[in-house]
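Biologist: Could you walk me through this model before I use it? I'd like to take it piece by piece.

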Amino acid sequence: MTDKKTVEIYTDGACRGNPGPGGWAVLMRYGAHEKELSGAELLTTNNRMELRAVIAGLKALKRRSRVRLTTDSQYVQKGVSEWLPDWKARHWRTAGKKPVKNEDLWRELDEAAGRHEVRFEWVRGHAGHPENERVDQLANAAIDRLLAEGGA
């Protein structure tokens, strides 16, 4: 379990079609306090929505914090823990010398994470993890709201 000085952040992204309308969501918990954030975009990808959620959660923190960030995205998990240092060293190029996809969001995530002490954890999606299920529902509700407002 997390100590009382750690902010817990749970994130998820969803997309209907890839690309297609997408949503992202964040559940933040500090002690007994919880906050939910969500948003949607009309034409996006699942990976962009996963990144948007992480960025939104980290940027919502008002002061430097110790964070446990839980995601079901291996793209985010591996990106942060394995790929990001190499991409930066290669001036945002992959090992195959191609431009990094979603470079704009990876740069934003790198900057936002740098303001905090962040530990990223991966959980399997759609496997009954309560907070992951909750942010999945919130991300899909954000897509529903966008489409109901005439976004499609």
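**Arg124 and onward**

Modeller: Arg124 counts as exposed, at 57% relative accessibility. Keep in mind that this is a predicted model.

Biologist: Where does Arg124 sit?

Modeller: In the loop between β5 and α4.

Biologist: And what does Arg124 touch, leaving out residues up to four places away in sequence?

Modeller: Asp72 and Asn132. Arg124 and Asp72 are 52 residues apart in sequence, and their C-alpha atoms are 5.4 Å apart in space.

Biologist: What is the backbone doing at His126?

Modeller: His126 has a positive phi of about 55 degrees, although it is not a glycine. His126 also lies in the loop between β5 and α4, the latter being residues 130-151.

Biologist: Is His126 buried or exposed?

Modeller: Exposed, because its relative accessible area is 60% and the cut-off for exposed is over 50%.

Biologist: OK, what about phi at Lys97?

Modeller: Lys97 has a positive phi of about 65 degrees, and Lys97 is not a glycine either. Its place is in the loop between α2 and α3. Lys97 is exposed, with a relative accessible area of 68%.

Biologist: Where is the kink in α2?

Modeller: At Trp83, where the kink is about 60 degrees, shortly before the proline Pro85.

Biologist: Which residues of α2 are buried?

Modeller: Tyr75, Val76, Gln77, Gly79, Leu84 and Trp87. The cover over the buried residues of α2 includes α1 (46-59), β4 (66-71), α3 (103-114) and β5 (117-122).

Biologist: Let's stay with Gly79 for a moment. What is its relative accessible area?

Modeller: 0%, so Gly79 is buried.

Biologist: Which residues does Gly79 touch, again not counting those up to four places away in sequence?

Modeller: Gln74, Leu84 and Trp106. Gly79 and Trp106 are 27 residues apart along the chain, and their C-alpha atoms are separated by 8.4 Å.

Biologist: Now α1. How many of its residues are buried?

Modeller: 10 of its 14, so α1 is mostly covered when buried means under 20% relative accessible area. The buried residues are Arg48, Met49, Glu50, Leu51, Ala53, Val54, Ile55, Ala56, Gly57 and Leu58.

Biologist: What span should α1 have?

Modeller: At 1.5 Å a residue, the 14 residues of α1 should span 20 Å; the end C-alpha atoms are 20 Å apart, which agrees.

Biologist: On to the strands. Where is Thr6, and is Thr6 buried or exposed?

Modeller: Thr6 lies in strand β1. Thr6 counts as buried, because its relative accessibility is 7%.

Biologist: What is Thr6 in contact with, neighbours within four places in sequence aside?

Modeller: Arg29, Tyr30, Arg66, Val67 and Arg68.

Biologist: Is the peptide bond from Asn18 to Pro19 cis or trans?

Modeller: Cis, with omega near 20 degrees. Pro19 is found in the loop between β1 (6-15) and β2.

Biologist: Last topic, pockets. How much space lies in the largest pocket?

Modeller: About 330 Å³.

Biologist: Which elements give two or more residues to its lining?

Modeller: β2 (20-30) and β3 (33-44).

Biologist: How many residues line the largest pocket, and which lie nearest its centre?

Modeller: The lining has 15 residues, and Val7, Met28, Tyr30, Leu61 and Lys62 lie nearest the centre.

Notes. Residues numbered from 1 in each chain as written. Predicted model: local features only at pLDDT ≥ 70, side-chain atom pairs only at ≥ 80, totals over all residues. Heavy atoms only, no water. 1 Å grid on protein atoms, 1.4 Å probe; cavity = no way out; pocket = protein on both sides within 12 Å on 5 of 7 lines; lining within 4 Å. Points joined across faces, edges and corners; volume = space filled by probe spheres on them. Helix = DSSP H or I, 4+ residues; strand = E, 2+ residues; numbered from the N terminus. Bend = angle between axes of the 7 residues up to and from the residue. Buried < 20%, exposed > 50% of the residue type's maximum accessible area, 1.4 Å probe, protein only. Contact = heavy atoms within 4.5 Å. Expected span 1.5 Å × (residues − 1).
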